[in-house]
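Student: Could you take me through one part of this model in close detail, and then show me how that part sits within the whole chain? I would like the cut-offs spelled out as you go.

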Amino acid sequence: FTTKGVGKGTGLGLATSYGIVSQAGGTITIDSTLGVGTIVRVLLPITADAVLPPRHRKPSVTPTGHETVLVVDDDAAVRGVTATALRRQGYRVLEADSGTAALQQSRAESGRIHALVTDVAMPHMSGPALAAQLVRERPEMRVLYVSGYADDGIAHHGILDDGVVLLQKPYDIRELAQRVRDLLELKGSDAT
């Protein structure tokens with residue numbers, strides 16, 4: 001389901017919500033009646049673990065870097081937040097709104113692109129198809145996939161191979177920075 005027009009994005013709001021709730025061990029039900037409205041129920045498991053208010057949590061250090069990262073997402077808001085967060089951590093960030101634009105951006109870049117952060121599901125060219133082509137052209141490039149789909153939904157439909165690095169949307173900026181830093185610090189060339 002999407003309220004977005006053709007070519008305006010993939011409308012993953014429900015998939016993102018489903019992914020978040022599923023990973024928390026919960027369920028979502030939707031009842032909709034034409035002309036009446038829609039009821040969305042989110043059921044989450046009860047936990048005995050105490051949740052500390054934010055002021056009592058230990059501050060965490062967000063990792064920084066200096067490498068060049070290509071961020072590809074057809075959703076301008078997600079791409080913008082991701083790019084801004086990485087720039088604030090010291091990275092040089094290139095942005096593209098599609099696989100085609102990312103290929104053009106990469107080919108125009110004379111310097112090294114250390115990492116690709118790409119959405120999995122995009123119109124016209126998927127993240128995995130883009131990554132495969134870019135890694136052929138730039139074998140040293142590391143790849144971090146991001147997706148609003150649940151992990152098991154991606155695996156079930158064969159969208160991603162086993163062993164790839166995937167970050168679920170929506171993600172915390174610290175988690176994004178840590179995953180990018182971890183990816184860049186991996187040894188060897190099998191870090192896609």
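Tutor: Happy to. Let's start with a side chain: that of Asp73 reaches the backbone nitrogen of Asp75 at 2.9 Å. The side chain of Asp73 also makes a polar contact of 2.9 Å with the side chain of Lys169. A polar contact here is a pair of N or O atoms within 3.5 Å; within protein, one must be able to donate a hydrogen and the other to accept it, and residues adjacent in sequence count only if both atoms are side-chain atoms.

Before going on, a word on the ground rules. This is a predicted model, in which local features need pLDDT of at least 70 and side-chain atom pairs count only at pLDDT 80 or more, while totals for chains, interfaces and linings use all residues. Residues are numbered from 1 along each chain as its sequence is written, and side-chain values use heavy atoms, with hydrogens and water left out.

Back to Asp73, which lies in the loop between β3 (68-72) and α2 (76-88). Helices (H or I, at least four residues) and strands (E, at least two) are DSSP runs, numbered from the N terminus. Asp73 is buried, with a relative accessible area of 2%. Buried means under 20% relative accessible area, exposed over 50%, and partly exposed in between, with a 1.4 Å probe and protein chains only. Leaving aside neighbours within four places in sequence, Asp73 is in contact (heavy atoms within 4.5 Å) with Val78, Arg79, Ala96, Asp97, Asp119, Met122, Val146 and Lys169.

Asp74 is in the loop between β3 and α2, and Asp74 is buried too, with a relative accessible area of 16%.

Pro170 is in the loop between β7 (166-168) and α6 (173-185).

Another loop, between β5 (115-119) and α4 (127-137), holds His124. His124 has a positive phi of about 75° although it is not a glycine, and His124 is exposed, with a relative accessible area of 87%.

Now for a helix. In α3 (residues 99-108), Gly99, Ala102, Leu103 and Ser106 are buried. They are on the same side of α3 because they cover an arc of only 100° around the axis, the arc being that of the directions from the helix axis to the C-beta atoms. Gln104 and Ala108, on the other side of α3, are exposed. The cover over the buried residues of α3 includes β3, β4 (92-96) and α4.

Finally, the whole chain. Six helices and seven strands make up its elements, which run α-β-β-β-α-β-α-β-α-β-α-β-α from the N terminus on. Of the 192 residues in the chain, 39% are buried. Among contacts between residues at least 6 apart in sequence, 58% join residues at least 24 apart.
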